[in-house]
Amino acid sequence: MKKKTRTKFVRYLGKQMKENATALQIYSRDMSELPSLTKLLFNSTPDGIILPKNVEDLQRIYNLANETRTPIIPRSGGTSGFGGSIPYNKGLVIDCKGITSDILIEPIDQTVTTSPSIIFSELQNKLKLQGFSLCSYPSSFYSATIGGWIAHGGHGIGSLQYSSVVDQITEMQVVLPNGQVEIYTEKDDISLFFGSNGTLGIITEIKLKIKFDIPIKQFGCIFDSPYELMKGLKELQQVNPFSVWFLNPSQVSAFNDTFGYNLPRSFVVIVSKEISFEEEELEFSNNFNNTIRKAGGQILDKRYFKDIWNFRFKTFAMLKEFPYFLVSEVILPIETSVKYLRKLTNLFEGKLRAEGELISGTHYSLLLYLPIEEVIGDFKKSLLILNLNKHVLKSKKIGGFPYSTGLWFAGYYSQIYGKEQFKRYKEFKKKIDPKNISNPGKVCSPKLRIFPLFSLKFVIRVASEFS
Ligand SMILES: Cc1cc2nc3c(=O)[nH]c(=O)nc-3n(C[C@H](O)[C@H](O)[C@H](O)COP(=O)(O)OP(=O)(O)OC[C@H]3O[C@@H](n4cnc5c(N)ncnc54)[C@H](O)[C@@H]3O)c2cc1C
């Protein structure tokens, strides 16, 4: 960053700007660790980190950034693993966690208004005290924020019953990259902000639909093969569950070893349902049992999966013991993914762990973890990342797509959200951010710094093919 530019930011932001080496290193990565070879492709070390406290700070930051053409990279929990919250080519990371506001629960409308920088678990605790609950949330519940979830384009637990978080937003305040503050409601094109990865500005306030805090009960079953599992996922929708969560056999073994379960090593499915009365539970249980038998599965006795619902937030903790691990996520269609899922299960010597969540009547998200048991070098790490990416990209053949764009999958926006939405996105982006200062390279693939003839998307795709 030029000295003159730095002086301008420091003059306005003073102590709100951090530039020490440790902070810069922390903010140069998200959930996935980047091998140093990637430095040839992009420079993820920021020039500084700014901790704004309010909307006025953000307006000032964007105005200065436009004046000096400085990239602005919004970040909240930093829990996504797609590189959305790290720089592509330096710039200032904006840590939004300091932008707080009061929590306003409106029981009659069943809505909550809050700062999007609030961590899910904190908001859920506040809602529960008044008999309400979030409609859906990610499994990074204890560390992720609502703003980050919307911008990442996330789905999660409860999305099946209550739809995507974008359908739960009734009002949203955003500081646009041109420094203007806008309020959008359900009547506006809010969907453009879903999966925008901070490229359309910073979300600063949010009004979300909430639901009554109805008790959620779990039911379990197992399927021997991906074919039966997919049949089961289709059939299960008839019983209108809150969530359908499943583990592949490798992930089942990890659960057994880490948490002391004794689950059969097959595809284990945990179905959750909102249930208020005993009669409802009995009726659901009968329907559930019939549905699973029809799909060729077996019912799992409750003692096998006792308390497993509480471990749905702990799966990352199981990776801590490994020197290195890879993470990726893909969205797949139920109808066409049997072969793909079978192949995934056998990849990497059968060590690839997978966890799925049904997100709609037609698709499920699949979180992939590859723990690496020995210390490996940078070159091998890069090859493994590219190899995993290759399999995520191959899902296109069966109608699947990467979970989000971020840095790794920039350039795949239209595959995820469709060509029509991409057109609307580009028109809006041009209007509000003509200099492309808000999180450049996180939706449209950037040109390489060292070979500007090539895009990052092209290089990653070609390198993945050869990995
Ligand atoms: C253990 C674990 C489990 C997970 N489970 C799920 C899951 O079930 N479902 C799921 O969807 N994801 C999941 N994730 C991924 C990730 O945690 C979520 O998407 C999360 O909601 C991202 O929120 P964050 O606050 O960490 O965002 P960050 O990682 O900080 O940012 C994500 C993107 O949003 C942008 N951004 C951040 N804040 C704002 C803002 N206020 N305004 C505009 N843009 C902003 C950033 O620039 C970045 O592009 C999981 C991750 C982990 C580690």
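**Sheets, a ligand shell and a helix pair**

Me: Which strand order does the eight-strand sheet have?
Reply: The order is 14-11-13-12-16-17-15-18, in an open sheet with antiparallel pairing. Strands here are DSSP runs (E, at least two residues), helices are H or I runs of at least four, and both are numbered from the N terminus. Two strands pair if DSSP finds at least two bridges between them.

Me: And the edge strands, which are they?
Reply: Strand 14 (298–300) and strand 18 (401–402), each pairing on one side only.

Me: Before we go on, what kind of model is this?
Reply: It is a predicted model: local features need pLDDT of at least 70, side-chain atom pairs count only at pLDDT 80 or more, and totals for chains, interfaces and linings use all residues. Residues are numbered from 1 along each chain as its sequence is written.

Me: Back to strand 18. How many bridges does strand 18 share with strand 15?
Reply: Two, in the antiparallel sense, with strand 15 spanning residues 324–333. Val330 has Pro402 of strand 18 as its bridge partner.

Me: Which strands does helix 9 lie across?
Reply: Helix 9 (residues 278–294) lies across strand 11 (216–223), strand 13 (267–274) and strand 14. It runs at about 15° to strand 11. Axes are lines fitted to C-alpha atoms, for helices over the stretch in contact, and angles run from 0 to 180 degrees between N-to-C directions. Contact means C-beta atoms, placed from the backbone, within 7 Å.

Me: What about the four-strand sheet, what order there?
Reply: 1-2-4-3, open, with mixed pairing. Strand 1 (17–18) and strand 3 are at the edges with a single partner strand each, so one side of each has no neighbour in the sheet. Strand 1 pairs with strand 2 (residues 48–50) in the antiparallel sense over two bridges. Lys18 stands opposite Ile49 there.

Me: New topic: which residues come nearest the ligand?
Reply: Gly77, Gly84, Gly147, Gly148 and Gly154, of the 33 residues around it. Near means a C-beta atom, placed from the backbone, within 6 Å.

Me: Which element gives the largest share of that shell?
Reply: Helix 5, with five residues. Strand 3 (72–75), helix 5 (146–152) and strand 10 (202–212) each supply at least two.

Me: Last one. At what angle do helix 11 and helix 14 cross?
Reply: Roughly 100°, with the axes of helix 11 (residues 378–394) and helix 14 (residues 456–465) coming within 8 Å. That makes helix 11 roughly perpendicular to helix 14, a label for 65 to 115 degrees. Leu386, Asn389, Lys390 and Leu393 of helix 11 meet residues of helix 14 including Ile460 and Arg461.

Definitions and conventions. Contact = placed C-beta atoms within 7 Å. Parallel < 35°, antiparallel > 145°, perpendicular 65-115°, else oblique.
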